[in-house]
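Please read them with the model open.

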Amino acid sequence: MTQRLYYTDSYLTEFEASLAGISEDGKRIYLDRTAFYPSSGGQPFDLGWLGGVPVTDVVDEGDRILHVLSDAVAIQAGPIQAKVDWGRRFDHMQQHTGQHLLSAVFLEELQAETVSFHLGAQSATIDLKIDALNPEAVQSVEQRANELVFKNLPVTVEFQDVREATDLRKASERQGLLRIVSIQGLDRSACGGTHVRSTAEIGPILIRKMDKVHGQIRVEFVCGARAVRRARADYDALSQISKAFSAPLDETPALLTALLERAAESDKSTRRLTAELSAARGRELYSRTPPSADGVHRTVLRLETITEEARTEAQGFCGEPQSVILVTGNNPVAILVAASKDSGFNAGQWLKSVISAAGGKGGGNAFLAQGSLPSGPLLETVVARFETGR
């Protein structure tokens, strides 16, 4: 059994241990005691060194903890020297204790229970059992959490039998002895993770965003040094936007909103003009298409791709009397057929008959129909049927 030193001292980063097991290649090590935290409870594993060799993974195997190394370690007489990467460890301590604090405040303020926690390389998330969160409520939670950080509340660890452990934020399913992490006057949670000694060491807490996931709300946040780095990156990005606008930073949201509104209006106008131009091209094509013996203006428009503009052009063509048009596309292989109301031609029925024979698929109504074909050579067969009125 591996003695877990991080259970009682999260700040321990250098220690000695005896070898309790080793793989043939010397890259998988078991120790009698370790300060290395294995992946568990949403918190990633520690990194560091064993005998000077980098540790690349730490795995909880129940009674034992496996240390995976980047290379074989040279085993000598006496204890093995070990060192935990403090930068990574302390970052995880800040995020994990910050999660306990945030979860307690979400429960206190909004009765939103934390369902799960995940600590990633850039940010952390908690999933809340709540239908929705508005920005004002989240801002209130963030402010309250930071006020508790400033109060420098003690964070303590104790061990209690599950039958005696009371007032836990979430009941534990474990049996026997529980490790309980408490934030004075705020939270008591069964947890095996590494934590700071006081809320002040969490540092600033910044809630980044919210997403609806599987009927719950996922809240992304950063704490401590991560929050400072993220705030700096956000400020630098906003400063670049401000510079582009040649305006003070505080005025850029309004300017950007106005710009987006103008762009949306311009896009809407462009789409309208494009549709009008396409319809005009259809009418112009009609004027250049002489009627056939039955008096119907019938034409074929060959394109690389059938676009929305092509569709509008076909409708413009058939906005004129006694008209039928077939549009073909090569990429993908497709056809579109349109007919005027007085043409006596049913576009949907005709399309269904030709694509069924060719093994294609599609549909539409009497005046506009569209479908696809399995291969390019079939297009010519379809065109021939159209031109002969079959």
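1. At the start of helix α6, a side-chain oxygen of N346 comes to within 3.2 Å of the backbone nitrogen of G348. The model is a predicted one, and this distance, like the other values in this note, is computed from it.

2. Helix α6 comprises residues 347-358, twelve in number. From its first C-alpha to its last it reaches 17 Å, which is close to the 16 Å expected at 1.5 Å a residue. Just after α6, G359 adopts a positive phi of about 80°.

3. Which residues of α6 are buried? They are A347, G348, W350, L351, V354, I355 and A358. These residues lie on the same side of α6, because they cover an arc of only 160° around the axis.

4. The peptide bond from N331 to P332 is cis, with omega near 0°.

5. Two further backbone features deserve attention. Most residues other than glycine have a negative phi, and most peptide bonds are trans. N152, although not a glycine, has a positive phi of about 55°. It is found in the loop between α2 (135-150) and β12 (155-161), and at 41% relative accessibility N152 counts as partly exposed. Q322 also has a positive phi, near 50°, and is a residue other than glycine. Its place is in the loop between α5 (308-317) and β18, where Q322 is partly exposed with a relative accessible area of 26%.

6. Where is the largest pocket lined, and by what? The pocket holds about 1,100 Å³ of space. Of the 34 residues lining it, those closest to its centre are G41, R174, A190, C191 and G192. The elements that give two or more residues to the lining are α1 (86-110), β10 (113-119), β13 (177-183) and β14 (187-190). The largest share, four residues, comes from β10.

Notes: Residues are numbered from 1 along each chain as its sequence is written. This is a predicted model: local features need pLDDT of at least 70, side-chain atom pairs count only at pLDDT 80 or more; totals for chains, interfaces and linings use all residues. Side-chain values use heavy atoms; hydrogens and water are left out. Buried means under 20% relative accessible area, exposed over 50%, partly exposed in between (1.4 Å probe, protein chains only). The expected span of a helix is 1.5 Å times one less than its number of residues. The arc is that of the directions from the helix axis to the C-beta atoms. A polar contact is a pair of N or O atoms within 3.5 Å; within protein, one must be able to donate a hydrogen and the other to accept it, and residues adjacent in sequence count only if both atoms are side-chain atoms. On a 1 Å grid over the protein atoms alone, a cavity is a set of points where a 1.4 Å probe fits but cannot get out, and a pocket is an open set with protein on both sides within 12 Å along at least five of seven lines; lining residues have an atom within 4 Å of a point. Grid points are joined across faces, edges and corners, and a volume is the space filled by probe spheres set on the points.
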